[in-house]
Amino acid sequence: MAKTTVKKTLGILTSGGDAQGMNAAVRAAVRWALVQNCEVYAIYEGYQGMVDNIIKPLRWESVSSIMQSGGTVIGTARCREFRERPGRLRAAENLLKYGIDNLIVIGGDGSLTGADIFAREWPELLAELLAKKKISALKVKRHPQLRIVGMVGSIDNDMADTDMTLGADSALHRITEAIDALSSTAHSHQRIFIVEVMGRNCGYLAAMSAIATGASYVFIPESPPPDGWRENLYRELRAARSAGRRDSIIIVAEGARDRHGRTITSAEVKEVLDRHMGLESRVTILGHVQRGGEPSAFDRYLGTVSGVEAVRELLRPDGGESKIVVTRNNRIETVSLCESVAKTHAIAEAIRAGEFDRAMRLRGSGWEIMNSVLGTLSRPAAPAKKTRKKPKTIALITCGWPAPGMNNALRTAVRLGLAQGYRMLGIRQGAEGLIYDRVREFAWMDVEEWVACGGSKLEANRTLPEPEDFPAVAAAIRKHKIDGLLMIGGWSAYRLAAMIDEMDREYPDLDLPVVCVPASINNNLPGSELAIGADTALNTIVQAVDKIKNSADTSRRAFLVEVMGRYCGYLAAMSGLATGAEYIYLHEQGIDLKLLQRQLKELTRSFRRDGRNIALLIRNEHANTAYTTDFIAQLFTEEAGGLFDVRKTILGPMQQGGTPTPFDRIQGTRLAYDGMLQLFGKLAEHDNTSAFIGFRGSKTSIFPMRDLAGMVSCEYQRPVNQWWESLLSMVTALAIRPR
Ligand code: ADP
């Protein structure tokens, strides 16, 4: 890492509504800046601390053990004085007392708007301070510009130009947990629950939680219901009840409105239902619960990589304009702060002006698609007009280990297929279901309650057919008149698809399109950056590590945690970033004795010098055959000579189980939608080639099956190029104080 020659002084603050992941961002930015030889100050309580001069230097240890905490350890506030020029004048004067002319602001749209104004006003503010003799001419000369880099902390995910803001994923966790809990009681009593979630100008939390919980109806600001929504709602809920839906969840974003700009409140929805339906409905306003709890693995990761990028941006010699750090298509970038603020305001303005199509367009195409998919999934029955005379048949199959989120992918595929007039079949127990004819037909309501279930309702299986099994496979496909196959799973799914593709010359029944959808907690599938299931596994690891760390007493201890992934280090690397591990061991990087010796020396020094009493080491299960988890634990304990001991934990199959996270449920819907779209196209065009779907950020690509071999290492069952490997250098750099 090249260190900067001119020592920079930077201030960091969190402002506006608190958001999960702010602490991870503060930790990463502070430590990365210290490594780069910067002087770093915390400005406490947001802009209030800037106006009131609550500014203190930060050291490496100041940000220890903060990642797992919710909220922000440096405090946040809303500050009226900063909205006015005199307040900003005082703020500028205070910053100059410490020589701060680089600022990292972590906050929402309001805080970043304030930052933008402040940066543009800076020269004038300094001129005024000089005229009032509050600062010297030399100060003005030394600090001609205030450079600002923002990170968007907002649970609403309401900032233009970024796919996700800090805190939105954790808020979705809270909402999903609450609705899952409500669903069971609603189900038992056949009740309707109306749940109000945050989002003044942005329906992200409402729409995504509706997808993640299988809600019946959702009201969001960007897409108001058509006139007559009261009658529609009543009719749809009645139809759903007749179709067998026991519980109905209606989600209302706090900024929901009708086409004429009139607010739709949860109380109003309740009144409509109670009056028209004569059914009991209950309102739950989730409120500040959505900000609480623990930060999700994603928010810890996003905070960490954004914090590093913010410092990198500040240190770029050519930088001038204020920027914000954003995540687009799964990559961290910086974009113009004022342009993003302007776009964000334009969306809010479009909603206010009733230009809803424009608001949706400005949010991006991914948004529009998910909103329309939601419209189909929440229906109580397939739309009648699509019924075909001779429907084609699509069969669904899950192969490999079960991955959390698979069931929502199945649910989505079944309903989208039925809505388009296809006959939808499910093949149980993977390839065995084809060999032994374990096939079922789906009706719309069969998948109603699958959203939140872990595992695979089609019982995923890793068995692959032997050559002698293919006549039976071909016979099953012929018997059930299967025209296309959607395979959801890991390596076994891809291999089965490739086998079917190869065998179609011998068995003409196998000449049909197969589309693979990536689902594996290991996230080791080609062309796809985020497979269904990996986020749940990551959260399980992060929560387990939190508990393990909390179990520490005052004795000096290193925890060595072994995680899954086969030969793919994704889970180890990402959990290392999200938990602040000191070291990670991956097969991709290898382990040798020299490395272990260096780490032992570093750890010993750190335990002795820094007063450290805990360290965290994460090892992928197949990182190295010789340097096993046992070996490393014993070696370090022995060589530490009593300074610290090592406790090892093998997390095991718990990483595969559990309730899918909101992201994995959403990912299940998104990828199943893309997979089905491909199949619809292939069936319409009589294209019998097979393919697999790759997912990058918010975009999906399709790869022909023949590309598979060139994109993977077959020996280690992982992609040749893995996007996350470029992040590995951050792990230790942020965890061990340099000498
Ligand atoms: P958020 O950043 O979460 O959107 P707010 O909109 O409340 O939260 O903004 C937080 C703080 O940012 C405000 O209390 C104020 O100090 C500052 N701020 C917001 N908007 C402006 C503005 N237009 N000009 C100057 N400061 C602003």
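This is a predicted model: local features need pLDDT of at least 70, side-chain atom pairs count only at pLDDT 80 or more; totals for chains, interfaces and linings use all residues.
Reader: Why is S336 called buried?
Author: S336 has a relative accessibility of 8%. Buried means under 20% relative accessible area, exposed means over 50%, and partly exposed lies in between (1.4 Å probe, protein chains only).

Reader: Where is S336 found, and what does S336 touch?
Author: S336 is found in strand β11. Strands are DSSP runs of E with at least two residues, helices are runs of H or I with at least four, and both are numbered from the N terminus. Not counting residues up to four places away in sequence, S336 touches E321, S322 and K323. Contact means heavy atoms within 4.5 Å.

Reader: How many helices and strands does the protein have?
Author: The protein has 24 helices and 24 strands.

Reader: What makes the protein as compact as a globular protein of its length?
Author: The radius of gyration is 27 Å, and the globule rule gives 27 Å for 739 residues. The radius is taken over C-alpha atoms, and the rule is 2.2 Å times the number of residues to the power 0.38. The two values are close, so the protein is as compact as a globular protein of that length. Along the principal axes, the C-alpha atoms fill a box of roughly 90 × 70 × 45 Å. Of the 739 residues, 60% count as buried.

Reader: Why is G307 called buried?
Author: G307 has 0% relative accessibility, so G307 counts as buried. The place of G307 is in helix α10 (residues 297-315). Leaving aside neighbours within four places in sequence, G307 is in contact with A25, A28, A29 and M151. G307 and R27 are 280 residues apart in sequence and 7.5 Å apart in space, C-alpha to C-alpha.

Reader: How do you know whether L734 is buried or exposed?
Author: The relative accessibility of L734 is 1%, so L734 counts as buried. L734 lies in helix α24 (residues 728-735). Beyond the neighbours within four places in sequence, L734 is in contact with several residues, including R27, A28, W60 and T304. L734 and E582 are 152 residues apart in sequence, and their C-alpha atoms are 8.1 Å apart in space.

Reader: Why does L530 count as buried, although L530 lies in a loop?
Author: L530 is at 14%, so L530 counts as buried. The loop in question runs between β16 (514-518) and α18 (534-550). Among the residues that L530 touches are Y570, F663, F695 and W723.

Reader: What makes E45 partly exposed?
Author: E45 has 33% relative accessibility, and therefore counts as partly exposed. E45 is found in the loop between β2 (39-43) and α2 (46-51). E45 also has a positive phi of about 60 degrees although it is not a glycine. N329, in the loop between β10 (323-328) and β11 (331-336), has a positive phi of about 50 degrees and is not a glycine either.

Reader: Which domains is the protein divided into?
Author: The protein is divided into domain 1 (9-165 + 295-328), domain 2 (168-291), domain 3 (393-531 + 663-706) and domain 4 (536-658). These bounds come from an automatic or database domain assignment. The C-alpha centres of domain 1 and domain 4 lie 33 Å apart. Ten residues from domain 1 and ten residues from domain 4 take part in the contact.

Reader: What share of contacts joins residues at least 24 apart in sequence?
Author: Among contacts between residues at least 6 apart in sequence, the share is 79%.

Methods
Residues are numbered from 1 along each chain as its sequence is written. Side-chain values use heavy atoms; hydrogens and water are left out.
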